Amino acid sequence: VDAVASDAPTPGGGAVSGTVAALAAGLAAMAGRYALKRDPDSALFRELVDRADVLRSRAADLADDDAKAYGRYVEATRMPREPDPQDRRAAIRAALDAAADVPFALGGLAAEVAAVGEQLADSGNPNLASDARTATLLASAVAASTAILVEENLRGRPGDRRVAEARKHAIDAADAARRV
């Protein structure tokens, strides 16, 4: 938290989004585990817990990956402009492309977390429904924020499919959030 608040460029929005996604998936997993306590033979609840655990781990990894990807972009911007500005432009473009991949992956992951949270809010242990709803709402925020990051990183590439897909993930997660 202190590093985010510092004047350093990383960790930034992508790393924070990854951390929030991991926490949202953790809440969903917790809600699922409580649902399993009530119905230990439920294949659905076991599947939701397992999925939430995988998503939590992946989100935490992506939070770290985002800071590294942004670091590569910063390195590219520090390349000399002369004698060949094309090399610098190509390096920046490649770094931005790679930097878009992390929030793109996070957005899809967040949409999945939102879906898991929604299912658990609807059919899980009612005592943990508020936690499942919170997971869904947080995941929706992550999907929305990562769509913005993808769009920003790819603004020099009109028509890149990742922008439309990231927006779709955000819409799907927002729909789940509205339903809970």
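The legends below accompany close-up views of a predicted model.

**View 1. Helix 2 and helix 5 pack against each other.**
In this predicted model, helix 2, which covers residues 13–38, and helix 5, which covers residues 129–153, pack at an angle of about 155 degrees, and their axes are 8 Å apart. Because angles over 145 degrees count as roughly antiparallel, helix 2 is described as roughly antiparallel to helix 5. The crossing in which helix 2 passes helix 5 is left-handed.

**View 2. Residues of helix 2 meet residues of helix 5.**

**View 3. Thr-146 is a buried residue of helix 5.**
Thr-146 lies in helix 5, and its relative accessible area is 1%, so this residue counts as buried. When residues up to four places away in sequence are left aside, Thr-146 touches Ser-17, Pro-103, Leu-106 and Gly-107.

**View 4. Leu-137 is a partly exposed residue of helix 5.**
Leu-137 also belongs to helix 5, and with a relative accessible area of 46% this residue is partly exposed. Between Leu-137 and Ala-98, which are 39 residues apart along the chain, the C-alpha atoms are separated by 27 Å.

**View 5. Tyr-70 and Tyr-73 form an aromatic pair.**
A search of the whole structure finds 1 aromatic pair. The ring centres of Tyr-70 and Tyr-73 are 5.5 Å apart and the ring planes stand at 45 degrees, so the pair is tilted. Both tyrosines, Tyr-70 and Tyr-73, lie in helix 3, where they are 3 residues apart, about one turn of the helix. Tyr-70 is partly exposed, at 33% relative accessibility, and Tyr-73 is likewise partly exposed, with a relative accessible area of 21%.

**View 6. A cis peptide bond joins Glu-82 and Pro-83.**
Most peptide bonds are trans. The bond that joins Glu-82 and Pro-83, however, is cis, with omega at about 10 degrees. Pro-83 is placed in the loop between helix 3, residues 43–77, and helix 4, residues 85–123.

Conventions: Residues numbered from 1 in each chain as written. Predicted model: local features only at pLDDT ≥ 70, side-chain atom pairs only at ≥ 80, totals over all residues. Heavy atoms only, no water. Axes fitted to C-alpha atoms, helices over the stretch in contact; angles between N-to-C directions. Helix = DSSP H or I, 4+ residues; strand = E, 2+ residues; numbered from the N terminus. Parallel < 35°, antiparallel > 145°, perpendicular 65-115°, else oblique. Left-handed = near helix turned anticlockwise from the far one by under 90°. Contact = heavy atoms within 4.5 Å. Phe/Tyr/Trp six-rings, centres within 6.5 Å; stacked < 30°, edge-to-face > 60°. Buried < 20%, exposed > 50% of the residue type's maximum accessible area, 1.4 Å probe, protein only.
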